[in-house]
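Where do strands pair, where do rings meet, and which backbone angles stand out?

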Amino acid sequence: MGGQSGPTMDSGDFIDESDYKSSAQAVKSSKTIQGGSSSLSGSESGKMMVGNGGPDSYEVVFVKDNVSVHPTQNASERISGRLRLIKQGASLFMTWIPYTVKGGGRQGSSIMKSAEKDRNLYTIRAVSLAEMRSIRRHTPPFGLQYIIIVLTSGLAFPPLYFHTGGVREFLSTLRNHALLVRSNDDSNVYLVNDVQDPLQRSLTSLELTEVTPVAVVVEPPPIVTKKDETVQPVEESPASTSMQTSVYRQGPRREASREIINVLEKFSMVTKFARDTTAHLFGESRLLGNSEMDFDRGPMRLRNEGSVSKSTGELPPVDGAQEPVKDGKEAAAKDEGKDTKKAQDEESEKQKRIANEEASTNVGSFELVDGTKNDTPALVWGRARPPPLGHEEWVTFLDREGRVVDSKALKKRVFHGGVEPNLRPELWKFLLGHYKFDSTYAERNALVSSKREEYKVLQAQWKTVSEDQAKRFAKFRERKHRVEKDVIRTDRTIPFYEGDDNRNVELLRDILVTYSFYNFDLGYCQGMSDLLSPILYVMEDESEAFWCFAALMERMAPNFHRDQNGMQAQLSALSKLVQLLDTPLHDYFKQNECLNYFFCFRWILICFKREFDYNDVLRLWEVLWSHYLSEHFHLYMCVAILKRHRRKIMDEQMEFDTLLKFINELSGHIELESTLRDTEALCLFAGEKGAACIPPGTPPSLPVVEVDPFAVSLESSQNL
């Protein structure tokens with residue numbers, strides 16, 4: 001916890017059951033989990049708060065050591081780890097992290113590599129209870145207790161064996177934080193979040209959550225999805241041969257359908273996409289044309305806008321939708337023909353007003369989210385943010401020599417959950433490109449040493465300049481003066497930089513002046529101190545902060561070129577994205593001569609550094625640097641913020657000067673979490689059409705290297 005790894009187990013610790021009790025006792029007596037001022041025994045359940053109460057804080061509500069996976073029946077191949085239940089905000093997550101294995105020299109290298117691969121394969125990373133369908137508890141009279149967790153996707157994790165007991169405590173803790181109901185078909189099966197609330201049931205039935213690959217698939221029992229349609233399970237694993245059939249019935253009943261419709265009526269805004277999904281909820285054919293969209297987020301806001309037919313994709317009317325119209329009503333309808341025509345005209349006008357309020361796009365209709373209303377959530381869709389990546393989970397991404405096994409999975413984990421503060425100094429070097437993902441521990445240690453010496457040489461180039469030399473070195477005097485002028489105004493309200501004669505402010509200055517000698521063509525420009533400040537704050541080391549900053553500037557340098565080509569390219573791409581994702585807003589900007597999008601200049605130049613709280617900036621930058629969905633996620637974020645305030649912008653007829661003032665005054669008033677979710681939704685919604693709006697080489701992408709065909713042909717001929 002708090003970045004501390006679990007009990008370190010060497011290869012000799014995978015032992016017979018008779019030895020588990022003594023090993024567990026040793027672990028219990030020698031290992032404590034620490035987080036702030038709290039501590040928790042490593043093999044006991046309890047509560048522990050990690051963090052200072054901010055968005056990244058979470059509470060560990062259950063911990064159990066010596067919970068293992070049995071890939072085979074061979075006791076020596078068991079994989080032991082720590083099972084935890086973590087509460088963050090209103091959400092609960094489960095993780096199972098294998099113990100780190102050391103002392104691999106006692107076995108062959110091929111065996112150890114296989115064991116490392118298995119541990120990475122079986123690791124369970126921050127699974128939300130919203131993604132779980134059921135838990136099967138198996139308590140044989142002889143042998144170990146185990147549980148099997150089945151996901152809503154239809155996949156399941158391999159059995160988790162409790163070598164020292166604790167299944168009852170695990171289920172009891174779950175009951176305190178979620179709805180856990182015994183199945184009527186099998187008393188050993190517990191249905192997770194078998195929600196009776198009609199709204200939550202409807203959102204769960206939308207099945208928009210991500211289908212996450214599972215290490216080893218233990219297929220759940222047959223699941224009834226629709227009438228006369230059953231998904232058959234595959235062959236069960238040897239460890240679960242005694243599993244009995246259980247049925248989890250989904251599919252809305254007629255009475256539940258009425259409840260859902262009544263709830264949907266209460267929502268104020270919905271789009272064609274939401275209507276189509278709602279139609280699917282009631283058994284209608286799915287009308288969404290873009291089948292390639294990968295929505296790995298959960299619920300969205302819905303609104304009932306009127307009648308929906310199969311041909312038009314509209315929902316049936318709430319009143320009278322469940323019953324045929326009687327003859328008396330038909331006669332009354334004929335007598336009231338004039339009133340009906342009038343009502344139709346009014347409905348037509350209403351639909352026009354709704355159409356004007358919707359964010360029509362070139363990729364379909366998208367829900368307009370108005371961030372000015374505090375009584376409704378400003379989320380299009382999304383699931384709870386998982387706890388940040390800690391050291392215990394981080395080591396599961398590494399092989400025995402320190403290489404990152406799956407860099408894409410790591411980036412995805414960082415994108416969704418962020419990083420614990422004490423892990424940032426190490427992980428940021430990977431995200432920024434200073435460390436290569438396939439580098440080993442030894443290679444990284446050698447890199448740190450060599451780069452430290454190189455930094456000393458670079459720094460000496462300007463620190464050894466005498467006063468007489470400086471008098472004849474105008475460029476040096478100018479750059480040094482500009483750096484000193486900026487650093488004394490950079491983040492001085494942050495405790496790390498506040499106060500007179502602050503050593504960290506001096507380090508900030510030294511690094512920036514040194515960089516101006518390292519990249520003499522670019523030198524120093526205003527705004528660079530904003531980019532360096534959080535990096536030095538995290539690294540707390542001058543040399544490492546310099547090289548991380550230099551790696552960042554490999555991507556960000558075009559933002560500071562005198563010709564401003566880098567900024568122009570991003571602003572031009574932003575204009576195309578707004579046109580794609582919010583055509584009415586783009587047309588408004590065009591009408592008011594705001595298509596240069598200069599009011600977003602500061603957002604892009606320094607990556608929203610001045611728009612959010614300092615800790616939020618650290619979280620945001622981790623998301624951006626992961627490059628998980630897009631290298632240009634920051635441009636989609638600009639669109640998300642503009643869309644959130646589009647109604648105010650258009651209603652108040654803001655022109656460029658007014659708009660610039662309004663955008664600048666948003667600083668400190670943008671909620672990060674909902675903005676990230678909206679941004680992710682827009683990025684997924686835009687898909688390939690969004691990517692096509694951004695030319696290759698647009699910052700922060702690395703510059704496109706143009707290959708000289710003549711040089712290539714010459715080299716090929718020489719090789720021949």
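The model is predicted, so local features are given only at pLDDT of at least 70 and side-chain atom pairs only at pLDDT 80 or more, while totals for chains, interfaces and linings use all residues. Residues are numbered from 1 along each chain as its sequence is written, and side-chain values use heavy atoms, without hydrogens and water.

The chain has 26 helices and 18 strands. Helices (H or I, at least four residues) and strands (E, at least two) are DSSP runs, numbered from the N terminus. Of the 720 residues, 50% count as buried; buried means under 20% relative accessible area, exposed over 50%, and partly exposed in between, with a 1.4 Å probe and protein chains only. The chain exposes about 34800 Å², and carbon and sulfur atoms supply 48% of that area. These areas come from the Shrake-Rupley method with a 1.4 Å probe; for residues, only the protein chains shown count as cover. A contact means heavy atoms within 4.5 Å. Among contacts between residues at least 6 apart in sequence, 71% join residues at least 24 apart.

Strand pairing can be followed from strand S7 onwards. Two strands pair if DSSP finds at least two bridges between them. S7 (residues 91–98) runs antiparallel to S9, with three bridges joining them, and Met94 stands opposite Val127 in S9. S9 (residues 124–128) is mostly covered, with four of its five residues buried. Ala90 counts as exposed because its relative accessibility is 82%. The C-alpha atoms of Ala90 and Ala384 are separated by 8.3 Å, although the two residues are 294 apart along the chain.

Strand S10 (residues 132–138) has seven of its seven residues buried. S10 is joined to strand S11 (residues 145–151) by six bridges in the antiparallel sense, and Met132 has Leu151 in S11 as its bridge partner. Six residues lie between the strands of this hairpin, and Gly143 takes a positive phi near 105° there. S10 also pairs with strand S14 (residues 189–192), again antiparallel, over three bridges; Ser134 stands opposite Leu191 in S14.

A record annotation covers part of this region. UniProt, in an unreviewed entry, places the feature "transmembrane region" at residues 142–162. UniProt positions are given in the numbering used here, feature names are shortened, and annotations may be inferred rather than shown by experiment. In the model, residues 142–162 are 0% helix and 48% strand, with the end C-alpha atoms 13 Å apart.

Among the helices, H11 (residues 424–432) is largely enclosed by the rest of the structure, because seven of its nine residues are buried. The buried residues of H11 include Arg424, Trp428, Lys429 and Phe430. Their cover includes helices H9 (391–394), H10 (407–417), H12 (441–463), H16 (528–539), H17 (542–556) and H21 (614–626). After H11 comes Gly433, with a positive phi near 95°.

The structure holds 32 aromatic pairs. One of them joins Phe162 and Phe170, tilted at 55° between the planes and 6.2 Å centre to centre. Rings of Phe, Tyr and Trp (its six-membered ring) pair if their centres lie within 6.5 Å; planes under 30 degrees apart count as stacked, over 60 as edge-to-face and the rest as tilted. Phe162 counts as buried at 2% relative accessibility, and Phe170 at 0%. Elsewhere, ring pairs link Tyr455, Tyr515, Tyr518, Phe546, Trp547 and Phe549 into a cluster.

Charges also sit over rings, which requires NZ of Lys or CZ of Arg within 6 Å of the ring centre and within 35 degrees of the ring normal. Arg125 lies over the face of Phe397 at 3.7 Å from the ring centre, and the charged end of Arg479 is 4.4 Å from the centre of the Phe520 ring.

Some backbone angles remain. Most residues other than glycine have a negative phi, and most peptide bonds are trans. Glu540 has a positive phi near 55° and is found in the loop between H16 and H17; at 61% relative accessibility, Glu540 counts as exposed. Phe608 also has a positive phi, of about 60°, but counts as buried at 0% relative accessibility. A cis peptide bond joins Pro699 and Pro700, with omega about 5°.
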